[in-house]
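Q: Hi! Could you walk me through the aromatic pairs and the nonpolar core here?
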Amino acid sequence: MSNLDNILWQSGVMAIVNATSDSFYAYSRTQSHKAVAERVERALNEGAVILDIGGYSSRPDAEDVSVEEEWQRVEMALSAAREVSGDAPVSIDTFRAEIIRRATDRFGEVIVNDIMAGQGDKEMLATVAERKLPYIAMHMRGTPQTMQRQTEYNDVVAEVAKELQERLSAIDKAGVERSRVVLDPGFGFAKTVEQNYKLLAGLHRLKELGQPLLVGVSRKSMIYKPLGITPDEALSATQVVHWEALRQGATLLRVHDIKEAVQTIKLYEKFNQNDKGF
């Protein structure tokens with residue numbers, strides 16, 4: 001495995017860098033070169049191992065944007081990130097192959113963070129395979145505009161596992177290297193609050209698929225709605241859910257708050273070193 005591949009298989013924090021105007025957590029929006037550069041510098045100083053750049057908001061009912069508009073945002077953010085971070089690993093949060101082609105043509109290797117696991121663009125998996133890129137495949141039904149109307153499950157854990165296995169088969173068929181594939185159960189995507197917690201409790205069952213797991217729950221509605229608070233108030237509660245995700249087998253945490261997530265991982269690992277069956 002390369003150093004980048006090792007990062008995908010080890011516990012660590014992925015920092016959210018939103019180059020969008022409508023992401024659900026306002027503080028995460030970085031819409032200028034300066035704002036991205038400041039966000040990236042702080043994220044790296046606080047211990048992020050991957051920078052996740054997005055130019056298309058995937059929150060429920062998010063507005064669709066064109067390829068050109070998405071690329072303008074991603075290009076600006078990638079340019080700023082590279083200036084600050086050098087060769088730090090960067091992932092692109094997109095379901096569009098064209099965005100990945102443009103990003104790699106100009107900036108070199110990136111990790112592909114695909115919320116639609118190849119189902120949003122028929123060219124995505126072939127592009128990932130051709131360019132030999134690391135790939136994060138997330139579980140979702142529908143699109144950001146329709147996903148919250150597709151939440152019917154008999155057993156959410158079993159069905160998410162089955163659908164991710166189907167995506168793994170498609171990924172294999174396309175020629176993407178398994179050692180470069182991460183799975184994301186898609187908390188909040190085509191799942192109710194109750195289903196998110198059932199999925200969290202059964203996350204260990206997804207480890208049976210044999211790939212590292214990325215978990216993105218940071219300040220999401222599954223945390224703030226049951227508590228009757230806002231995303232701005234959900235920092236401490238997010239770390240509680242992060243701890244359980246790690247206990248259930250999560251490898252990477254995709255977060256807004258890097259320092260706190262890094263601390264959670266460190267304490268979890270310290271606890272795990274001393275947990276000998278008490």
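A: Happy to! Rings of Phe, Tyr and Trp (its six-membered ring) pair if their centres lie within 6.5 Å; planes under 30 degrees apart are stacked, over 60 edge-to-face, and the rest tilted. This is a predicted model, where local features need pLDDT of at least 70, side-chain atom pairs count only at pLDDT 80 or more, and totals for chains, interfaces and linings use all residues. Residues are numbered from 1 along each chain as its sequence is written, and side-chain values use heavy atoms, leaving out hydrogens and water.

Q: Thanks! How many aromatic pairs does a search of the whole structure find?
A: The search finds 3. In one of them, the ring centres of Tyr 56 and Phe 95 are 5.1 Å apart with planes at 80°, so that pair is edge-to-face.

Q: Are Tyr 56 and Phe 95 buried or exposed?
A: Tyr 56 is buried at 6% relative accessible area, and Phe 95 is buried at 12%. Buried means under 20%, exposed over 50%, partly exposed in between (1.4 Å probe, protein chains only).

Q: And what about Trp 243 and Phe 271?
A: Their pair is tilted, with 5.7 Å centre to centre and 55° between the planes. Trp 243 counts as partly exposed at 27% relative accessibility, and so does Phe 271 at 42%. Together with Tyr 268, they form one aromatic cluster.

Q: Switching topic: which residues have the most contacts inside the largest nonpolar core?
A: Ile 92 and Tyr 135, in a core of 80 residues. Such a core is a set of buried Ala, Val, Leu, Ile, Met, Phe, Trp, Tyr and Cys residues joined through side-chain atoms within 4.5 Å. Another core, of 9 residues, lies apart from the largest one and includes Leu 4 and Met 14.
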